[in-house]
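Hello,

Here is the structure we talked about, with some notes on its aromatic side chains. Have a look at it first, and then read on.

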Amino acid sequence: MAQAQLSLFGQNEAETYHDTSARGFFSLLVQWPTGKRQSSFPLEQMPTVLNAVDHRLDTWLSQAEFMRPNRRVVNLLRIGLLFADLDTYKMPWAQGRKPEELAAAITYFCQSEGIPQPSIMVYSGRGIQAKWLLERPVPRQALPRWNACQTHLINKLAELGADPGAKDASRVLRLVNTVNSKSGAVCRVVHVLEEGGLPIRYNFEYLAEMLLPVARWDIEKQKAERQQARLTVVNGGKVGNLRTFSGRQLAWDRLEDLRKLGQLRGGINEGERMRHLFWRLNFLLLSGATNSAQMYHEAAALSSELDTRWSYRSKELMTLYSKAKSYEAGERVEFGGKSFAPLYTPKNDTLINLFQISQQEQEQLKTIISTDEAQKRRRERDRLRDEERRRAAGQLEREAYEANSLSRQKPWEAMGMSRAKWYRLGKPSPQQNSETSPSPIRGARRIRKKSYAKVFRASVRAETSRLPVCGSAARRNRRLG
């Protein structure tokens, strides 16, 4: 691709995955002589802010967008790409190669390994930033699935020097056209995979299908099979009605439920803040959206969400930090013959009792619900599914059926007769009634009566002809004859 065209993409590289017309915030991290300083701005201010950046300073830009002016993952709003930070300067195969040659080698590797080619590749001054742009941004609800794609992508690119620590949604990468003080080189776009004159964009489900070890349709099939089973017998003879979730998705949804609970209650009281912070952070770690190295940064963001004036004591999270380290190391806890993660995985009833969640509050939550609430939702899902099946079969909705029913229309009233008489006359229409034609029912009755009389008389004559004839009867017959 011509250098002029690459320079054009470089000027607007950030806007290929940031929508400046959308609500939300982005963050800049700048290396000043006094140290690193981070600032967050509304997305609508991005063109102005980026034009004011001092390109002589090391500058990093957030890849995701956030609902608050803080780039912690708990504040994630959406993210419009997958990315990998390739430390090619550490790899023997990359020594002495120009940035364009590095990009060509990465393209060849992706083609040979069945990995979709990056939409954009940026030379960071020492390595390559590979980015896969999405057709539509991934919302915060789908963060666990996005994390899974990121993890598998980094694992597949490990041979190229992919940094395993640069895969979280809160990551910042070097801003194009700024200097890398470690090498003195300027960060610039070195390769763009075009489609229609623009960087190619991928459907997220397509990337997930190509990257994840289990295809999406296999997951949907497993869900369908579990839904058909509906009731699952568990140890102790109990019957479980709660919907099944993947572990990481369940943990993320429970975090969202606790945040929702705080909104429903109009805030968290002073004596309950540490409990909320502890469990929210526990579920955040279980979801895989953050790690122990970032735990205290995420805790600061969560605590300010609970109360901006509240300052928690970090020693109260020491136990959780040690459990997070064990969880990341792959350790398991054995109890009662079962294996559990070191982090806490409580049952719904435990959380409901711990936070005193009422039935009205449960109706607003997604996963922290009682068995009765789960049964009610299952019955509603079954009702909607049955209704959709009836509609697909061509059956009318109940409202439309009742609107066209005879009970609603009452045609007998328009003809000035009772309902019973209208049915007795064979459901005549007003046109039939105005012509004074004989009733089809009465006509049929006359025909039936006449036919029965003829048959009866004929049978009587046949029977009497077989009887012996007496003298008086014979003389009467001769007279008549």
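**Aromatic rings and their neighbours**

Tyrosine 202 is buried, with 9% relative accessible area. Please keep in mind that this is a predicted model. The partner of tyrosine 202 is tyrosine 206, and the two rings are stacked, with 6.2 Å from centre to centre and 10° between their planes. Tyrosine 206 is partly exposed, at 36% relative accessibility.

Another pair joins phenylalanine 278 and tyrosine 344. Their ring centres are 5.6 Å apart and the planes meet at 50°, so this pair counts as tilted; the stacked class would need planes under 30 degrees apart, and edge-to-face over 60. Phenylalanine 278 sits in helix α8 (residues 273–287), while tyrosine 344 is in the loop between β15 (338–340) and α11 (348–355), so the contact ties together parts that lie 66 residues apart in sequence. Phenylalanine 278 is buried, at 18% relative accessibility, because the cut-off for buried is under 20%. Tyrosine 344 has a relative accessible area of 28% and is partly exposed. Both residues also belong to a cluster, in which ring pairs link Phe278, Trp279, Phe283 and Tyr344.

Two charged side chains are worth a look as well. Lysine 36 lies over the face of tryptophan 60, 4.8 Å from the ring centre. Arginine 126 lies over the face of tyrosine 89, at 4.1 Å from the centre of that ring.

Best wishes

Notes
Residues are numbered from 1 along each chain as its sequence is written. This is a predicted model: local features need pLDDT of at least 70, side-chain atom pairs count only at pLDDT 80 or more; totals for chains, interfaces and linings use all residues. Side-chain values use heavy atoms; hydrogens and water are left out. Rings of Phe, Tyr and Trp (its six-membered ring) pair if their centres lie within 6.5 Å; planes under 30 degrees apart count as stacked, over 60 as edge-to-face and the rest as tilted. Buried means under 20% relative accessible area, exposed over 50%, partly exposed in between (1.4 Å probe, protein chains only). Helices (H or I, at least four residues) and strands (E, at least two) are DSSP runs, numbered from the N terminus. A charge sits over a ring if NZ of Lys or CZ of Arg is within 6 Å of the ring centre and within 35 degrees of the ring normal.
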